[in-house]
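Have a look at the sequence and the model, and then I'll walk you through the fold.

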Amino acid sequence: MTDVLDVRRLHLRRGTRSILADVTFTVPRGEVIALMGPSGSGKTTILRAVAGLEPFEAGTMAMDGAERRGGQALSGRALRDWRRRIGLVFQFHHLFEHLTVLENVMLAPVHVRGTARGDAAILAQDLLRQLGVEHRTGALPRELSGGEAQRVAIARALALDPPLLMMDEPTASLDPARRQDLGALLRGLAERGRSILISTHDAEFARDVAGGVLRLEGGSVLASHAGTAGPGGGP
């Protein structure tokens with residue numbers, strides 16, 4: 001099994017404070033990997049560093065044929081090429097409030113890849129159908145439920161067909177039924193070859209969904225182990 005993301009000896013500081021220290025992990029193709037740990041342990045910072053939203057001082061990242069090294073800032077085309085490999089879903093979704101569901105999902109294909117609007121609309125409608133929210137294409141974000149907004153955010157993140165999907169605290173605002181729905185959705189994406197990296201406090205969700213868990217504390221890896229998720233969920 002190939003690794004879509006390979007992070008080696010990642011170090012990140014803010015001023016004099018060490019945020020991440022010697023973090024190493026991989027995300028295999030078609031797997032869900034969970035980053036777990038208390039608040040302030042570095043989970044979200046790892047996602048931001050991988051996404052190119054935060055520089056890191058030392059270490060390497062390799063993803064789908066591209067590589068980054070600590071202390072070497074990406075910019076311009078190199079940064080855009082790196083970010084095209086990643087779909088990121090923030091905890092609070094950050095959908096554009098003045099755009100419809102369909103328009104939110106069309107944005108990246110039109111403005112990043114230069115896809116014709118008609119073709120982008122077809123792609124967006126297909127993604128929304130796969131995620132079970134095709135009936136909400138004309139709705140504005142404020143008209144969506146929390147679960148619907150999350151699925152639209154996932155569709156938007158997948159619009160450029162990135163090999164890696166990352167999600168920050170995906171169950172934070174979901175009730176138990178919606179958590180189960182999300183787990184089934186993520187397992188289905190992984191079974192179709194998508195690699196997924198999530199940060200979460202939700203141990204039950206991680207156990208049911210993730211094929212591997214990385215436990216962090218104080219910016220360092222305490223332990224990593226295989227999860228129990230399978231085609232049908234947990235044990």
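So, let's start with contacts, meaning heavy atoms within 4.5 Å. Of the chain's contacts with a separation of 6 or more, 65% are between residues 24 or more positions apart.

A bit of housekeeping. This is a predicted model, where local features need pLDDT of at least 70, side-chain atom pairs count only at pLDDT 80 or more, and totals for chains, interfaces and linings use all residues. Numbering runs from 1 along each chain as its sequence is written, and side-chain values use heavy atoms, with hydrogens and water left out.

Now the overall layout. The chain has seven helices and ten strands; those are DSSP runs, H or I with at least four residues for helices and E with at least two for strands, numbered from the N terminus. Along the principal axes, the C-alpha atoms fill a box of roughly 45 × 45 × 35 Å.

How much of the chain is buried? Buried residues are 49% of the 235, where buried means under 20% relative accessible area, exposed means over 50%, and partly exposed is in between, with a 1.4 Å probe and protein chains only.

On to the inside. A nonpolar core here is a set of buried Ala, Val, Leu, Ile, Met, Phe, Trp, Tyr and Cys residues joined through side-chain atoms within 4.5 Å. The largest one has 42 residues, and Ile 154, Leu 165 and Leu 186 touch the most other members. Elements that each supply at least two residues of this core include β3 (32-36), α3 (101-111), α5 (146-157) and α6 (176-191). The largest share, six residues, comes from α5. Take Ile 154: beyond its neighbours within four places in sequence, its contacts include Val 89, Leu 131, Leu 165 and Leu 189. Apart from this core lies another, of 28 residues, with Leu 20, Val 50, Ala 51 and Leu 197 among them.

Let's stay with Leu 197. This residue sits in strand β8 and is buried, at 0% relative accessible area. Setting aside neighbours within four places in sequence, Leu 197 has contacts that include Leu 5, Phe 25, Ile 33, Leu 164 and Met 167. Leu 197 and Gln 150, by the way, are 47 residues apart in sequence and 16 Å apart in space, C-alpha to C-alpha.

Why is α3 described as largely enclosed by the rest of the structure? Because eight of its eleven residues are buried. Among those buried residues are Val 101, Asn 104, Met 106 and Pro 109, and the cover over them includes α4 and α5.

Asp 22 has a positive phi, near 60°, in a residue other than glycine. Asp 22 is in strand β2 (residues 17-28) and is partly exposed, at 35% relative accessible area. Then there's Asp 161, with a positive phi of about 55°, also not a glycine. Asp 161 lies in the loop between α5 and β7, and at 53% relative accessibility counts as exposed.

Okay, that's my tour.
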